[in-house]
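Please walk me through this model in a viewer, one selection at a time. I would like to know what to pick next and what is there.

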Amino acid sequence: MLLAATIVLAVLMTAIYLFSPKLRTSRPWRAMVTPLASIIGSGFLVLGPILLHSYGAWAPLVMLGLCAAAYAFGSAIRFNIAFYDSREDGDAETLSHKMLEQISSWALAFAYFISVAYYLNLFGAFGLDMLPLEGDIWPRLLTSAVLALIVVVGWVKGFRSLETLEYASVTVKLAIIAGLLVGLGVFFGETVGSAGLLLHASNLTGWPALTLAFGLLITVQGFETSRYLGHEYKAELRIRSMRWAQILASVIYIAYILLIAYVFEADSLQLSETAIIDLMQVVSPVLPILLVAAALAAQFSAAIADTGGSGGLIMEASGGRVSERMSYLVLGLFALALTWTADIFEIITYASKAFAFYYLLQAAIACLSAYRSQRKARAAGFAGLVLLGVVIVIFGQSMAA
């Protein structure tokens, strides 16, 4: 009972701080919120059980690798933000840059198609987790209904009126994560003090372990949104806020994995999209309720953001020939098909590959820009990221439930 009260207090104190006028009106913090909303989202809910089940005691090291890969791809996008901001108005853009940017816009729009299916399938799973309903059909029906609602709202009214949800959903999510980390910290100390560390062997080794990690890139994705905030923030602030968003997200993710990797029985874990609920029930009965609330808020707002983002990208990339409303409809039909033909782990892999394709294109743009500006060491580093992106796209694998 005392632990539950401590967790709730941590949630409330964090929420009060994040909702404080001083922080809420801070431009650097507001610029961080958009990438942070995506980076610490769905991945936080599914990643812990997947890493624990698959990698055992090596899970924190894999998490560190995922964060490092994401930060490296983020450096390419930050380079592109700075490069385009420093160009003079009269500077001509090369044909290769134009082509890569055009392909990149379409690639990101398509990646958003998959990510919306990913977010809403998690919404469906968490939304019904505590109800006595058997089978996959009920979460898929809920996912389909929410997807239809989003498409209708986008078609009729657009999403401008819902943009204020982003800050509220991020605040709720971060506050609940703070409570989760406090609860896990106490549980970790008590468990290690009484039973010692549990050092589980990895269920995956070698190439299969690596290809699964490739398929998990989506779980730390979302930092690219900073590139498309030029109408709100200057380049220097977008670069700085994106860097800090990635660092903060990495610290949270690694702390989270460290706190669960050595105190839970990996062999008895039933891997599913809502496995985190079962794990946290052991820590405190209040945590599953909080996590469901965080999941519903995060997935709904993220799905709205990516639906709106894809519509804007497609309209821009098509030169206005495809309207945002038509994009929402196509996205809805695509996400609906994915919902009924794939499980959540397959969708995670598809999304990881789609975003990896976008990231390798951004790395290619950064490579060309660095080479043209005689920064050959940077160009070589970005070329390495292009190769990593290609490997992820080709070899990334899903974890079967």
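Start with two helices, α7 (137-156) and α13 (324-341): each of them supplies at least two residues of a nonpolar patch. The model is a predicted one.

Next, select the patch itself, made up of L131, L133, I137, W138, L141, L336 and W340. These residues lie on the surface and together have about 620 Å² of accessible area. Which helix gives the most to the nonpolar patch? It is α7, with three residues.

Stay on α7 and pick L141, which is located in that helix.

α12 and α13 pack with their axes 8 Å apart and at an angle of about 125 degrees. The two helices are therefore oblique to each other, since angles from 65 to 115 degrees count as roughly perpendicular and those over 145 as roughly antiparallel. The crossing in which α12 passes α13 is right-handed.

For the last stop, select K98, in helix α6 (residues 95-127). K98 has 47% relative accessibility and so counts as partly exposed. K98 and I365 are separated by 267 residues in sequence, while in space their C-alpha atoms are 9.4 Å apart.

Key
Residues are numbered from 1 along each chain as its sequence is written. This is a predicted model: local features need pLDDT of at least 70, side-chain atom pairs count only at pLDDT 80 or more; totals for chains, interfaces and linings use all residues. Side-chain values use heavy atoms; hydrogens and water are left out. Patches are made of residues with over 30% relative accessible area and no salt bridge: like charges are joined within 9 Å, nonpolar side chains (Val, Leu, Ile, Met, Phe, Trp, Tyr) within 5 Å. Accessible areas come from the Shrake-Rupley method with a 1.4 Å probe; for residues, only the protein chains shown count as cover. A salt bridge is a side-chain nitrogen of Lys or Arg within 4 Å of a carboxyl oxygen of Asp or Glu. Helices (H or I, at least four residues) and strands (E, at least two) are DSSP runs, numbered from the N terminus. Axes are lines fitted to C-alpha atoms, for helices over the stretch in contact, and angles run from 0 to 180 degrees between N-to-C directions. Angles under 35 degrees count as roughly parallel, over 145 as roughly antiparallel, 65 to 115 as roughly perpendicular and the rest as oblique. A crossing is left-handed if the near helix is turned anticlockwise from the far one by less than a right angle, and right-handed if clockwise. Buried means under 20% relative accessible area, exposed over 50%, partly exposed in between (1.4 Å probe, protein chains only).
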